Amino acid sequence: MSLMAAARNRGMHIVAVCGGVCMLWATLIGTTQLQNRYTLPWILGSVLPCYFAGLFTWWHAPTSPVAKRLLLIGTWLSVTIAIRYSTTLLIRAFDWNLRPTPHALQLPAEYGLQVLSQSCDLVVSILVVRLLALLPDGRYAFPYERRVLGALWGLLALPALLPLTGMTQLTVHYVVFYYPEAWLPGLGAVLLVLRCLRAPAAGRRDIAALLPFAVPGALLLLARAASRLFRTWQGEQGVLYFVGAVLGALPYVVISLAIVYAAFRHRLLGVDLAIRRSAVYGSLWLIINSWYLGMALTLGLTAGQYLPVGLSLLVAVVATALFQPLRARLNALAERRVFGKRLSRFELLVQFGTTLEHAYDLGRLAPRLATGLHEGLNLRWVRVRLGGDGLPVSLGEAGTRPAGPPGAPLGEFPLLYGEDVLGIIEYGPKAEGRCTPEDHDIGETLARSAALAVHNVRLTAELCARVEEVQRQAAELDASRARIVHAQDTERRRIERRLHDGIQQELVALVAKLALARSCLRRGGDIDAALTEMRDDAYRVIDELRELAHGIHPPILTDQGLVAAVTSCARRMPIPVTVHSEDSMGGVRFALDVEESAFYLVSEALTNVLKHAAATHVTIRMARGGGRLLVEVRDDGAGFPTETTRGSGLTGMRDRIEAVGGELAIISGPGTGTVIRARLLERVREETRA
Amino acid sequence: MPDPLRVVIAEDHYLVREGTRRLLEDTGEADVLAAVGTAGELLDAVGRLRPDVVIADIRMPPGHHTEGIAAAHAIRAGHPGTGVVVLSQHANENYAFDLFRRGTDGLAYLLKERIGEVDELLRALREVAAGRSVVDPRIVEVLMGSHARAADAPLSRLTRRELDVLRHMAEGKTNRAIAESLRLSESTIEKHVNSTFAKLGLAEIPQLHRRVSAVLAYLRHAPAGPD
């Protein structure tokens, strides 16, 4: 195996050397012997780029079929042109006519040379097809590929056989066989598309990445062949020739560039390439500039056919100047593709400034900063951590940090805002070259600006939270206000009903009884019993009135304060209620609304206990602490699920407490009793009696 | 027939004031020396007339809060010979505690509607004039019915019967009256009274004040105080 591999390797060496020699030979005889003006443009514009690209990729990936094929194409292009020039020399020497003519007989030597020339062209086209069709790894993936591509070699028989069949019709002859590049590359492109469609999803992306290069390459070849056909018809003169030359060179350049770039960027050759970026860029640069030079030369030469020397020189210069932006753009594109976006420091800062301006999402900002810095300064790795100090932390990383124990980063800048550390920017050495002090300045400036941006995000977040809180409070306040008003209305109606339906009716009844007693007295009867009854009735009315008044507002609360009122309330409960009130509560009178809210809470809580809890004991605690008045009512009753219970009593309690700036906590669960706990702002009353 | 009690009435409501005066005078057992409308006038009248007993409304101008209680304290401090019956519309024991917070002697807390029961009113007047104390049965009822009492209160050591006796005692009843109410013999009542005194730690106190102190203890400890 290794012997075979070595033999193949030697074979490729021979191919490479052969290609170089042929190119030199063709250049030599083309420029000196034949004085063919288009020798250099052709060699510079297509042969050299192709040969060089093949050499470059093969050198770095000697086992890759794609690299070998590319080199083979480059070499074969050289060989072809060398053969063509050599035959031209021979033709001159022997005055042969190689152009197929319908009725003229051909000499065997002429015939042989024609077959050779056509075969060479065919081989180039077949090689291009095989290269395109088997991208990106250069290996057969489907049996049909092997069959179709293998069958292509059979075409080589045609140049020799066809003239013997007597098929001499010019058009067919030209289109189908003389210029097979007219249709063969198209076949390659079709095969590649097919391959892409049939490939498993994972591999499809790689192939699809190459389609944008391969398909235009094939189309360009098609266009070139068409123009060449046209040229043959019109004669190799003028603008058409120029267009043909450009078209002729472009596909090879495009394919070369694509493969070199893809080999480097996407590692498509199936070999883990370790190519320096500068080397890749250098190759791309060489291919582009070689083609550019070739095109400029072609243009100058084309112009020289029509114009005086001075003017044609001017045209050449102008054209060169016109092509210059294209070349510059291509070079810049190559550079950017290879090195990533390399921006000037100023651009870098401006770009960061724009990024930071729109920084409201730290999760997106961190990777952007990392990528920006990574590409901008061409660093091996960058790590950006934003947030902390009350903000969620977001990380952004670009490049890969070398494995193993992490050494100290080359640059490390914390994001400081005042005393607060709002993140950190760390980075490793540059991919190539050393970090200059200016590079570190950029890191530091970025850290400073990013700190401001993060601070802004923090402020914005705080503000948003506060605004939301205020909005929520406002909405809650509106609702609670409405509920309080509603509760007041309900209460007023209740009082009105008790006054009218209860107390007033009883008084009316009393009046009636008085009238009865009077008539009884007039009749001389004894009204003593009636009077006693009426007195008891009056007592009942008084009791009811007292109770009603107490319900509206317990006088004990006004007269003696919260503890007395709560204790008194507790005493009237039919179940045991223990009241704990801290010593600090004694004798303190709180603001009227605070006392009222606290008392309302207790009495409402006790009412709830009686109504729902089935408790055996209730404990009420009252204490002061931290400027708050704390009131807690705890029962050992049935409890309730707090999430699902939304009684108007509970809401009313909350409303009352929150209306005086307090907080209410309801802790309960089925079977665990209930704790109602209120914390009210402790406002002590100025005067003892309101 | 003892001498009629010399009474000063303080009540801001004209009809109630004059009604009470008429009721008392009609019995012939009370002599209403003056009927005034404010606490200030009351103190003034007491200073001038030195009545045996004062009937004071708990709420009077200007504040309409507990001016009656303040006036009672002032009178008891300034004129120990004058008893004060505070008439209150509040069936709330805390007002009674407020009234008795410096001692129960010569003070009574009655609900206002008791003016409808002249005999009861007169009895209370005579009790406070004698330096004893009366609490409205309604208040006692609340306290007796209350579940909210501290476990270590002295009252928890009393039996139900003793508590009954004490309650009647707090209403200002004599042993004989209590015996009648409870349908027991007077000696049994005496036994309960003595055991109550013992349990409340009042055995060494002179006889007259024991009853008052018992009531005081009752009133003080009945509520569930802070633990």
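1. Two helices of chain A. In this predicted model, helix α15 of chain A, residues 437-522, and helix α16(A) have axes that come within 10 Å and cross at roughly 165°. Since angles over 145 degrees count as roughly antiparallel, α15(A) is therefore roughly antiparallel to α16(A). The crossing of these two helices is left-handed.

2. Residues where the two helices meet. On the side of α15(A), the contributors to the contact include Ile495(A), Ile503(A), Leu507(A), Leu510(A), Leu514(A) and Cys520(A). On the side of α16(A), they include Leu531(A), Met534(A), Val541(A), Leu545(A), Leu548(A) and Ile552(A). Charged residues also take part, among them Arg498(A) and Glu506(A) of α15(A) and Asp537(A) and Arg540(A) of α16(A). By class, the contact comprises 16 nonpolar, 1 polar and 6 charged residues.

3. The meeting of chains A and B. Contacts between the two chains involve 24 residues of chain A and 20 residues of chain B. On the chain A side, the elements that give two or more residues are α16 (528-552), α17 (555-560), α18 (562-571) and β5 (577-581).

4. Chain B as a whole. Chain B contains 10 helices and 6 strands. Of its 227 residues, 47% are buried. When contacts between residues at least 6 apart in sequence are considered within chain B, 64% of them join residues at least 24 apart.

5. An annotated position in chain B. For the feature "modified residue: 4-aspartylphosphate", UniProt lists Asp57(B), in an unreviewed entry. With neighbours within four places in sequence left aside, Asp57(B) is in contact with Ala10(B), Glu11(B), Asp12(B), Gly68(B) and Leu87(B).

6. Backbone angles to inspect. Ala614(A) is not a glycine, yet it has a positive phi of about 55°. Ala614(A) sits in the loop between α19 (592-613) and β6 (618-625) of chain A, and it counts as exposed because it has 12 C-beta neighbours inside 10 Å. In chain B, Arg183(B) is likewise not a glycine and has a positive phi of about 55°. The place of Arg183(B) is the loop between α8 (175-182) and α9 (186-199) of chain B. Arg183(B) has 6 C-beta neighbours inside 10 Å and so counts as exposed.

7. A strand residue of chain A. Which strand holds Arg628(A)? Arg628(A) is found in β7 of chain A, residues 628-635. Arg628(A) is partly exposed, because 15 other C-beta atoms lie within 10 Å. Not counting residues up to four places away in sequence, Arg628(A) touches Arg679(A), Leu680(A), Leu681(A) and Glu682(A). The C-alpha atoms of Arg628(A) and Gly662(A) are separated by 8.8 Å, and the two residues are 34 residues apart along the chain.

Conventions. Residues numbered from 1 in each chain as written. Chains lettered and ligands numbered in written order. Predicted model: local features only at pLDDT ≥ 70, side-chain atom pairs only at ≥ 80, totals over all residues. UniProt positions renumbered as here; feature names shortened; annotations may be inferred. Contact = placed C-beta atoms within 7 Å. Helix = DSSP H or I, 4+ residues; strand = E, 2+ residues; numbered from the N terminus. Buried ≥ 20, exposed ≤ 12 C-beta atoms within 10 Å, placed from the backbone. Axes fitted to C-alpha atoms, helices over the stretch in contact; angles between N-to-C directions. Parallel < 35°, antiparallel > 145°, perpendicular 65-115°, else oblique. Left-handed = near helix turned anticlockwise from the far one by under 90°.
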